[in-house]
Structures are given as C-alpha cells and as structure tokens.
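Subject: Structure handed over

Hello,

Here is the structure for your files. Please open it next to this message; the notes on what was found follow below it.

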Amino acid sequence: MPLSPTPSQQSGDPVKVSDVSVPLGDEVRVQARRMSHEKRSGPVLVFLHESLGNIALWKQFPRRLAEATGLDALVYERRGYGASTDEPLPRPYDYLEQEGTVWLPRLLDELEIDKVILVGHSDGGSIALIAAAALGPRVQGLVTMAAHTWADHLTLAGIRDMQRRYLEQGVRQKLLRHHGDRTDTLFNAWLEVWLDDGFQRSLNFAPWLDAIQCPAMIIQGADDEYGVPEQVTRIVEGIGNHAVPVFMAETGHSPHLQQADRVLSLICDFLRINIDQKSASFC
C-alpha cells in the first residue's frame, strides 16, 4: 500500500513537515513525521521516543535540531503508540530487540532512508543502542538520553512511583490525549514487563554495545529518577573509546525538555566533530 501523506508547512518555515502512515508488512503500520529541507544532504536524524511517548511528546525538539543542523529528520511512533498499529500483548521479553532489529530497519527501508543519526530517549535510547549495532555502517552517529540497559533500583522505584501517580496525579488524563482508548493498555504493558523478574533477568546489552562502531554520546540527567549513573558508564565502557558520557546537572529524566537549549548545543557540537561538515550546515 502507498504511504498516506498529510503535509503541513508553516509559511516561511525552512523545514517542510509531513505526516505519513507507513506500511511495514505483517499488517503493521506506524505513524511517522518527516521534516525535510529543500536541499537534502547528509544523514537523517531519527528520533525514538520514551516508554510512554509519541511524536507530539517530543514537542519542538526534533524540529529545532533539524533546523540547527540542516539535516532532515524522522520521528515515529512504535507499535502500540499514538496512531500506529496495536502491538501484540503481553510484551515479549525481547520487545526492545524486536524494535531495534526488525521494525526500525523496515521503516527506514520503506522510506528509502540509508544513513542515519539515531536520537533516543529512555526506552527509545535503549532501542537506539540495539539499532546502532544491528544497522552497522548505516548509523553514522548515536545520541541517547536516559537509556537503560538493566533495571536498577531507581528504575524500579521510578516505575512504581509512576504507577501511583498514574491515577492519583492526573498522568492518565494527560496520556489519554496522546494514546486515546488504549492508554491503559499501553501503560500496563510497560509497567508489567519492566516489573517482571524474568524480563529483568533477560536483559543483556553486552553484545549490542560491543557491536556499535559509530560515534556515540550517552547523556543522562544527574537527577534522573529512573536510572543510576552507572547506566551511562557501563554503556560507554561497553561501546569503547568512540563513546562519550555526558552528565547534566540539575536535570532529570528528560534532558531534551528540561534543558533543551543545552542539549541542542551538545548534539550540534558532537555532530560537528564527528560528522562530515560538508553534508550539513551546523549552527
């Protein structure tokens, strides 16, 4: 089936934005947003959202980074999120691997996107680590924010606290605006798999980290309520000397929202150093 574009472009905006529903086979479609410059060059920025996220919850960050770098961008919603196809439930223990090795490559192939820079947050950061290994030389750069490779004590405490806040503090009402009737299903799918002892024991990122060959910047807020600092240091150790750790002071689980200007600057500097400047016009 053909893509279903819904173009939307503000007058004078240097980035053209279009929303597409992309068929990936096996009766799966994912919702995606493309941000394109008139003169396309260089790799495409690909944004992978958090465990309860979607396109809208990135807010203006993808557009700002696309404008700052001169690179095209792709933001998409995984199965079970936003306007994408439902996901099979309960989630299998290897759901992160499936997203990084099957569904993201299919999406890139369907959209005829070759070279990419992956930008992942939380669960999306973990998936980006896997995808960077699986896609090999197609990935020219990797940026993760609050990625996790195991369920540490802060991860589990943060999830249990979110379980309480989901009903008591209006989190559910906020998520309903983004995920509609399947909000409860999505929330429970995330909650149940991460609190499952079997899933926790199954997590093993060592082979994926060892296979990552591209430059990587691993970001975490110093006050991240979902992960200990060792999440960053172990990822960097696993990748090797082409990975750099960044700890952001006075920042929690969402650096790109809480310190957007600082994160934009960090990523621009990282790409300026590691990506051929002829293929982009970094700010």
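A residue is called buried if its relative accessible area is under 20%, exposed if over 50%, and partly exposed in between (1.4 Å probe, protein chains only). Helices (H or I, at least four residues) and strands (E, at least two) are DSSP runs, numbered from the N terminus. The model is predicted, so local features need pLDDT of at least 70 and side-chain atom pairs count only at pLDDT 80 or more, while totals for chains, interfaces and linings use all residues. Residues are numbered from 1 along each chain as its sequence is written, and side-chain values use heavy atoms, with hydrogens and water left out.

Helix H9 (residues 230-239) has Gln231, Val232, Ile235, Val236 and Ile239 buried. Seen down the axis of H9, these residues fall within an arc of 125° (taken from the directions from the helix axis to the C-beta atoms), so they line one face of the helix. They pack against helices H3 (123-135), H4 (153-168) and H8 (206-211) and strands E8 (216-221) and E9 (243-248); contact means heavy atoms within 4.5 Å.

Leu129 touches Ile235 and Ile239, among other residues. A nonpolar core is a set of buried Ala, Val, Leu, Ile, Met, Phe, Trp, Tyr and Cys residues joined through side-chain atoms within 4.5 Å. The largest one has 61 residues, of which Val46, Leu118, Leu129 and Trp194 touch the most other members. Its largest share, eight residues, comes from H3. A second, separate core of 30 residues includes Phe61 and Ile267.

Regards

Key. Lists of a residue's contacts leave out its neighbours within four places in sequence.
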